[in-house]
Amino acid sequence: MTSESGDTAGLQAPFNAVWLAQAAEGLDPPGHALLVQAVRTAQPLLEGQRASTGEPLDTHAAAVVCILAEMKADAATRASAVLAPISSEDSFLTGRKDPLVKKFGSEIASLVQGARKLLGMSRMARLNTDDPRTGVDQRELQRKMLLAMAADLRIVLLRLASRLQTLRWHASSKTVCPPNLAQETMELYAPLANRLGIWQLKWEIEDLAFRFLQPETYKMIAKELEEKRVEREQFIDRVVNQLRQALQNEGVQADVSGRPKHIYSIWNKMRNKQLSFGQLYDLRALRVIVNDERDCYAALALVHSMWSPISEEFDDYISRPKPNGYRSLHTVVADADGKPFEVQIRTHEMHQFAEYGMAAHWRYKEAGPKGGTQVAASEYDRKVAWMRQLLSWGKADEASPQGASPVKSSAASAAKPAADERIYVLTPQARVIELPAGATPVDFAYALHTDLGHRCRGARVDGQMVPLLTNLKTGQTVEIITTKSGGPSRDWLNTQLGYLASNRSRAKVRAWFNAIELQERIAQGHALVERELQRLGKTAVNLEQLADQLGFARADDLYVAVAKDEFSLRHIDQHFRQERDGSVNETTPVGPGRLQLEGAADNVTRSGKSGVLVVGVDSLMTQLARCCRPAPPDDIRGFVTRGRGVSIHRSDCQAFSALAIKHPERIIEVSWGDTQDRVYPVAVSIHAPDRLNLLRDITDVFGRLRLNVIGVNTQSRRSLAHMIFTVEVQNGDQITRALTALNEIPGFSATRL
């Protein structure tokens with residue numbers, strides 16, 4: 001008995017000798033033996049079993065192995081495809097030790113377990129779609145989750161091949177394919193195959209999914225193709241022979257073949273470019289593969305000499321590569337009868353890149369030209385790039401199809417955690433949530449909703465209760481247990497305890513405690529103000545009006561200022577005394593840090609002499625506008641008022657600009673005259689973090705520069721202080737020096753109003 005007959009002894013359809021010859025193609029003897037061992041183990045367990053679609057599991061497994069064999073997958077991947085459909089509840093897989101590890105080793109056990117896990121995730125994710133309210137692309141997250149769940153990306157290859165076989169079975173058996181399965185294939189698996197560069201899977205699953213989603217459109221295009229199929233094939237054969245002979249005569253070694261066109265891509269081009277079926281140039285298409293770039297252009301010249309080129313349909317992607325690095329010559333020519341056809345010309349290296357190139361290729365295809373400029377910088381992209389390298393290697397190196405070395409080294413590098421690594425977990429409704437590596441159930445809760453995070457008290461992961469500081473893993477399903485009310489724990493902000501891994505979650509927790517602290521200050525300040533009003537016998541006063549009279553925007557701002565000792569309750573007593581007396585002392589504080597002091601004797605607001613010349617005359621009545629407070633040597637303009645002389649504005653004053661548009665006839669030329677020792681009030685706005693000794697630091701700056709402060713207005717809200725100081729200056733240089741000194745203080749932002 002031969003070894004081959006010995007291998008197939010006891011095997012039954014679909015695992016027969018014909019199947020084994022196809023499934024084991026390219027494997028060395030140990031790989032061949034491994035595949036046979038997997039079949040002998042799985043066949044009795046799969047016999048009579050059916051998938052949820054109704055397809056026999058043994059037929060499904062046998063077909064998936066053949067798909068993988070066409071792609072030159074290694075022996076471990078093919079063996080795993082046979083074992084993966086075995087039910088996890090089967091007695092073969094129960095016990096204290098994993099029998100797969102014992103019988104086939106940890107590599108195959110890992111592949112089988114990963115394939116089963118992806119299948120379970122796919123079933124759950126099929127129930128969920130994008131949420132238009134959040135703008136989250138669920139399909140994109142599911143693609144990333146598929147890759148992240150597969151430490152060895154051959155697991156993704158198993159999932160893609162399995163899905164292709166499911167679609168083939170629906171087509172061949174004429175069993176109705178569920179729309180959600182076809183839609184998931186189009187939105188999740190086809191783009192994933194595109195990103196990985198597995199074109200033979202991508203094109204076929206797109207066509208099959210399109211066939212089930214839009215059967216009428218599919219039949220229409222298929223009918224159009226079939227009607228012209230014989231004519232098109234005869235045309236292609238004739239043109240291929242002509243071009244092949246011409247290239248040979250010119251001494252150019254080339255592979256010339258017809259390029260297949262797929263129904264979904266035809267429909268996509270018709271839809272995107274708004275073309276009719278007859279307007280598509282590349283239904284008849286050739287591909288020419290030569291040795292080097294020089295031969296590319298030689299072949300192009302020969303094509304253009306043999307047929308008439310259509311100039312607007314020529315693209316030179318060799319001298320001007322696409323953003324993703326794709327290089328090739330594309331041209332459309334017409335024969336003597338006017339029939340157009342496309343010719344693509346590239347080198348073997350360019351062809352390999354086009355078929356199994358860098359991970360950037362999918363970005364160009366799906367995100368457009370801008371997307372193509374992105375680089376594979378994340379852990380996700382590195383995994384995609386590794387998968388492409390694996391597939392390209394499997395095609396190029398026929399001598400050693402097992403691929404042990406590339407798989408082990410690449411898988412090892414992919415296992416290293418990256419700084420930007422992400423995990424993907426599921427809600428009970430199968431919605432994918434993206435989180436940073438090391439995330440906990442608390443991070444998960446905050447990612448769903450801020451209030452859910454605040455009320456989080458426990459979590460179930462895959463149905464089991466876990467501590468809140470448990471690190472989640474990709475593929476897990478998380479359910480949050482909450483209370484009806486309450487808030488986060490301060491322990492969550494302790495990085496050493498490890499409750500939170502997301503900066504976004506920490507910010508939400510801090511915001512909650514800041515809000516609580518603010519409410520406590522408001523309550524404390526409110527009680528103090530009420531107590532003071534009771535002492536004064538003013539309990540009937542409107543608190544909002546009182547706060548406004550004291551210079552606060554709201555009563556809450558007054559309460560916070562009182563609670564933080566930024567505003568003395570004595571000011572309330574003084575306010576009512578002044579109100580009773582009917583006068584306000586200019587040296588008395590009248591607001592939250594609002595202080596008005598008497599200016600110097602030579603202050604222009606007191607002396608009434610601004611030092612401004614109106615049309616060269618200094619005896620006209622002028623006044624400096626309070627909206628912009630000009631001071632020498634500001635560029636100034638004048639506006640003639642009614643009864644109050646000429647109002648002097650800075651030329652960049654917004655109020656003046658509005659007046660100039662409305663009353664251009666009242667604009668008058670003004671200039672600075674002899675200002676002598678006059679001083680001018682200038683307003684300075686300061687924003688700074690609220691802290692102790694803040695006012696002292698500011699007044700120290702003004703004191704050092706010998707600037708007299710005649711007005712202060714301060715407000716504090718949410719730990720930020722906003723202050724307006726009015727200071728007396730003789731010229732613009734003084735205010736410039738003051739602003740420079742203030743802005744040098746950490747956290748300060750000082751500007752002139």
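The protein contains 29 helices and 22 strands. The model is a predicted one. Of its 753 residues, 48% count as buried. The accessible surface amounts to about 37,700 Å², and carbon and sulfur atoms contribute 50% of that area. Among contacts with a separation of 6 or more, 67% are between residues 24 or more positions apart.

An open sheet is built from 3 strands in the order β10-β9-β11, with antiparallel pairing. Strands β10 and β11 form the edges, each pairing on one side only. Averaged over the sheet, and with direction ignored, neighbouring strands are turned by 35 degrees against each other.

The elements discussed here span the following residues.

| Element | Residues |
|---|---|
| Helix α20 | residues 441-448 |
| Strand β9 | residues 456-461 |
| Strand β10 | residues 464-466 |
| Strand β11 | residues 478-482 |

The pairing of β9 with β11 is antiparallel and comprises 5 bridges. Within this pair of strands, Gly458 stands opposite Ile481 of β11.

**The helix across the sheet**

Which strands does helix α20 lie across? Helix α20 lies across β9, β10 and β11, the strands that make up the open sheet. The direction of helix α20 is at about 85 degrees to that of β11, which is one of the edge strands.

Note on methods: Residues are numbered from 1 along each chain as its sequence is written. This is a predicted model: local features need pLDDT of at least 70, side-chain atom pairs count only at pLDDT 80 or more; totals for chains, interfaces and linings use all residues. Side-chain values use heavy atoms; hydrogens and water are left out. Two strands pair if DSSP finds at least two bridges between them. Helices (H or I, at least four residues) and strands (E, at least two) are DSSP runs, numbered from the N terminus. Axes are lines fitted to C-alpha atoms, for helices over the stretch in contact, and angles run from 0 to 180 degrees between N-to-C directions. Contact means heavy atoms within 4.5 Å. Buried means under 20% relative accessible area, exposed over 50%, partly exposed in between (1.4 Å probe, protein chains only). Accessible areas come from the Shrake-Rupley method with a 1.4 Å probe; for residues, only the protein chains shown count as cover.
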